[in-house]
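Here is a quick tour of how this one is put together, chain by chain and pair by pair. Have the coordinates open and follow along.

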Amino acid sequence: MNILDLGSGHLSRRGLLKGGAIGAAGLAGAALIGCGSDDDNPGATATSSGGGGGGTASPTPTPQVSDIKRGGTLLVDSGEPNPNVLNFGFNIRNRPIQHSVWEQLIGLTEDYQIRPVLAETFEANADSSAVHIVLRQGVEFHNGRPLTADDVAYSIDFFSNAESSGQLKGPLSQGISEVKVADNRTLDIIFNGPRPALADMFCLTRIVDRDTARNIPDMKDLVGTGPFKFTSYTPDVGYRLEANENYWQEGLPYLDAIEGKPYADVAARELAIRSGELHWADGMSYARVAALRSDANVKAVTRGKAGMNYLGLVVNKAPFDDVRVRRAASLAIDRQRLSDEFAEGVVAGTTLPWPPESPAYHADQDFPAGVAYDPDTAAALIEEAGAAGTQITIQAGAGDQEAATLGQYLQDDLNAVGLPTELVILEASVAVEQIRDRTVQSNAWLAVHGFANYAHPGSMVNAAQQYTVPNPSHFEDTDYEQLLDRMQSAALGSSELAEMVTEFNQRLTWDNAWILGLVSSEQYRVMHASLKGDEGGNLSVAKGAFSEWWLDA
Amino acid sequence: MGRYVVRRLIEAVPVLVLASLLVFSLLHFIPGDPASALADPEATQEEVQALRERLGLDRPVLVQLKNWWLSLLQGDLGDSFRTGRPVSEMIRINALPTLELATVSYMLTLTLGISFGVMAGVKVRSAWDWGVSLSTVVFIAIPNFVFGVVLLWLLAFTFGWLPIGGRVAIWDDPVAGIKTLILPALTLGLTQAAVLARYTRTAVSQVTQQQYVMTARAKGLAERVVVVRHVLKNSLIPTITLSGLQVASILTGSVVIERVFSRPGLGRVVVDSVQARDIPTIQGTLLVLVSVFILVNLIADLLYGVVDPRIRLES
Amino acid sequence: MSEAIVGVEPSRETTRTRRADSLWWSTAREVLLKNPMGATGAIILLALIIGGLGAPLIAPHDPLEQFRGSRFETPSMAHWAGTDALSRDLFSRILYGLRASLMVSIVAVGIGTVVGVSLGLIAGYAGGIADSVIMRFVDTMMAFPGLILAIGLLAVFGVGLQSVALALGIGAWPNFARLARGQMLAERPRDYVTAARALGASSKRIIFRHISINAMPPLIVQVALSMATAVLAEAALGFLGIGTVAPNPSLGSLINDARARLDLPYLLIFPAAALGLFLLSLNLLADAINDALDPHRQRR
């Protein structure tokens, strides 16, 4: 369960940042950005795309206002909420609450443009070393208190401190040198240097109520400015959110209430969705997605390539200390079989930690063009390295059924090229600890990570620990470290950055080969046909999430 | 009788205390660190440490034990690491679906088990007896979860008569509620009924061969009278002990059966909590279950004492 | 353990006139020749033991070998029980699952017997404080629902067959302790013990030489019953996904796999049949031994 959640949690990160590329124009230059178009398509995202490795945008018409039915209670399930990471973590189970209760300063549109949310103006200076923010007028927290610039300052501080968690903390605490509040609606955030990538973080930073934020881990006072107010939560029974009558967006939300009901497992969820007892569920398995596609009452949708199952190699001990063996391992993996069998044809094999929409994604460097299935070359490389017959171990966390299954496929692939492989199933928390503390005992580990397509490729390689130095692989290389540094400060859209990304991809997939991509992990959700407004599986900071959903009952 | 009850109650206390000690110590030998499991996968060491302090895991074990016992005395099982809510509340909420399943299963067990057992026992070596004996042997051997998956395949998947799983509260929607309850209750009820039927059959058949039953029959008493007045009264004494034990078997069985049919309940709480290293929840749930078993056995013993006065005098 | 198969009560009253060595033969004769149920159980069990322990020799394929392109094949001459999601030979996996089940239950019951009988005999022989302490502990352990205790212990030991064997062994010993203590209390006042003591035999010798042999018959029944309980628990833990480490098969995990593909019933039928037969044979045999050892029980 744990690792599964970890994986899903990572997946959702991309959900949050869908379209996270804040346009090439982004924050470079003094462009005034706070003018999201109001006519962006709610349905203009991927529909399920088979093994195609990512969504294809297929615009569907915005529903006519007259079609929309108001009222009703939406029944959702993504599992039991995890209050310890409720408002900052990327836990899939927390999403319905996160997206309903809290909002950020800015969001993104489907075509990667900044969309104003709580900020009316979000303006970067010439060298991206500061932003000037003017807040929307008349926004109130659920407890009736007006939103002020102090709340923004408090929220930034809240997520920068040690008790908070997740990817926000590092960038916010290290990148921001000062928050200057000018008046109730105006503030300036000063970075400690040119930080073209830092705006990505403001799409994630939820603005919390300073009087109650400390109680969030107790699931008692969840107070934000969002379209729904939190009213109750009972563990194992569920939670209830009710429409915020004072919501700043006129006419929204359409629904009266949202009820979260945790179902025991995927099978129970599937049953409830089929029968209409549940309208929306997250975190479905490939097999269930494949099965549900034939049900006319159910829509199974994807957000496109949301993450990647990968095999991390530990490179400071034999046999993966030899790059030839690492390359051989990558060549030995039959990614097409993983796609067909492990993923039931639902997602494609991949080696690159970027979705196809990302400017950092280069199809010629991905599977199959970049690294194809070639067991003969693999066996020859292993022979050449003198590693034939070396026993290796791959670890996965207990309860993570997907990793255990993937591991069994890899075992067969690696055995076939002369690397007898043992699968080690660790207690779930131990497996997580070892990756986090960089103390992986096996030769390799299986995990999932979501490659949030931050606007700036530098954000991702700076945030995901597999790519930073130090990393759980113990991969170190001075040139590579310099590459990461240079990526941080390179301007968006520049040809230098494009070259750096190409080099990064080349190093990752072949030259240094320490993280072997396996198959995409796509973020699937299923919903009953009566639910409208989320045809594209569109729950992200890009849209108003649940606020624009409605029930065609 | 009163003294017997008091003595049995007093005897149960050290078992409970020892059980709580066992539950507590067991979980403190767990390798790994619950705080690490709970923290965000990307949390830093300080963040994990902060969480550890918040959860009280940094204090010495004896202090933790003392605090645990003190709060137990106040009926407080602590707060779940996983959900942040009181464990007692989680148990109370999850006990409902489990109790619902257990109660229906137990009623099935008692009615089917005793009636089939008696029918076979009063007519030993009849076709009835053979039929019942054979099916009990088979049902006892088949694990309940195997039987459950077979029923699932047959009645839910193949014929589509009943839902694949899940639970609907009976008071929300009685029809759907009963539908979701049928398969799991049948699974648990039938497997336990087989055990009871077999035991009852043996007890009844032994009694029917006793002198006084033969005498009663010889006197020309109606068979119904013989069975009810002489056979049942005497043969059901040992059955009471077994049916007491079966409450425990049914509660334990529901842990697995809940999984088969994707039902919420205490079984899911236990398995989820073990995986999440949710120590207070595991401790609380184990302790509550153990207390229930001790209580049920006590009640069975006391009932036994009521129907068979010899018991009270012995030991 | 409370969910032990409680249909059979080990008989406590047994003949003590028979000598230990002839007891084995007479029991075996009664079970195998005079009781058709017992004989059936013994034959099935023997076949399963041969299949399980001999799996490396008998199994047509390596249980982990993946036959690429043969995913979810229905039973055929090439794969007698079909193939699974990873294109592995299901028949071979069932044999290896049986093997794991046998190993776990033998080790678990072994631990339970050795620890339980030793502590039980000590408690019964020594009496006093030692008796109280041990039996209080036994009472406490027996109050725990067996499967739930095992799940809790697995959280401590981690997943894997050794852990399962250990956890089940810990769950099994109190039954043996209680039984052995009862036997000891019954035997201690008997003439031969007094005689041995008068001849100057040490306590240890009296316990392990004289008493333990005479306490054997009910123990044998308990062993058979505990085996059945262990097999059942191992399968249940495998089913819950905390018993065995992938890719190694366990009968329980094979059945859990089948649950996900109810459209392919052969995935369920073969492992369920293997597990069912295994438990059935153990129960039949335990019954027959119990009958054979119990002079009071009426022959059917």
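## Chain C: contacts and make-up

In chain C of this predicted model, take the contacts with a separation of 6 or more: 73% of them are between residues 24 or more positions apart. As for secondary structure, chain C has twelve helices and zero strands. Read from the N terminus, the elements go α-α-α-α-α-α-α-α-α-α-α-α.

Chain C has 300 residues, and 59% of them are buried. Its accessible surface is about 11900 Å², with 65% of that belonging to carbon and sulfur atoms. One spot in chain C to click on is Phe72(C): the charged end of Arg261(C) sits over its ring, 4.6 Å from the centre.

## Aromatic pairs

Now for the rings. Searching the whole structure turns up 23 aromatic pairs over all chains. One of them is Tyr310(A) with Trp445(A): the ring centres are 6.1 Å apart and the planes stand at 85°, over the 60 degrees needed, so this pair is edge-to-face.

## Salt bridges in chain A

On to the charges. The count over all chains is 31 salt bridges. Take Lys229(A) and Glu245(A), whose side chains meet in a salt bridge at 3.1 Å, N to O. Lys229(A) belongs to strand β8 (residues 228-234) of chain A, while Glu245(A) is in the loop between β9 (238-243) and β10 (257-260) of chain A, so this bridge ties together parts that are 16 residues apart in sequence.

Another bridge pairs Asp322(A) with Arg324(A), and here the closest N and O atoms are 2.9 Å apart. Asp322(A) has a relative accessible area of 19%, so with the cut-off for buried at under 20% it is buried. Arg324(A), at 27% relative accessibility, counts as partly exposed.

## A helix pair and the network around it

Next, look at helix α9 (residues 335-342) of chain A, which holds both Glu341(A) and Arg337(A). These two form a salt bridge, the closest N and O atoms being 3.3 Å apart. They are four residues apart in the helix, so about one helical turn separates them. Both Glu341(A) and Arg337(A) are buried.

Which residues are linked with Arg337(A) and Glu341(A) in a network of salt bridges? From chain A there are Asp334(A), Glu344(A), Asp412(A) and Asp413(A), and from chain C there are Arg68(C) and Arg71(C). The network therefore has members in chain A and in chain C.

Key. Residues numbered from 1 in each chain as written. Chains lettered and ligands numbered in written order. Predicted model: local features only at pLDDT ≥ 70, side-chain atom pairs only at ≥ 80, totals over all residues. Heavy atoms only, no water. Phe/Tyr/Trp six-rings, centres within 6.5 Å; stacked < 30°, edge-to-face > 60°. Lys NZ or Arg CZ within 6 Å of the ring centre and 35° of its normal. Helix = DSSP H or I, 4+ residues; strand = E, 2+ residues; numbered from the N terminus. Buried < 20%, exposed > 50% of the residue type's maximum accessible area, 1.4 Å probe, protein only. Contact = heavy atoms within 4.5 Å. Areas by Shrake-Rupley, 256 points an atom, 1.4 Å probe, with all protein chains shown as cover. Salt bridge = Lys/Arg side-chain N within 4 Å of Asp/Glu carboxyl O.
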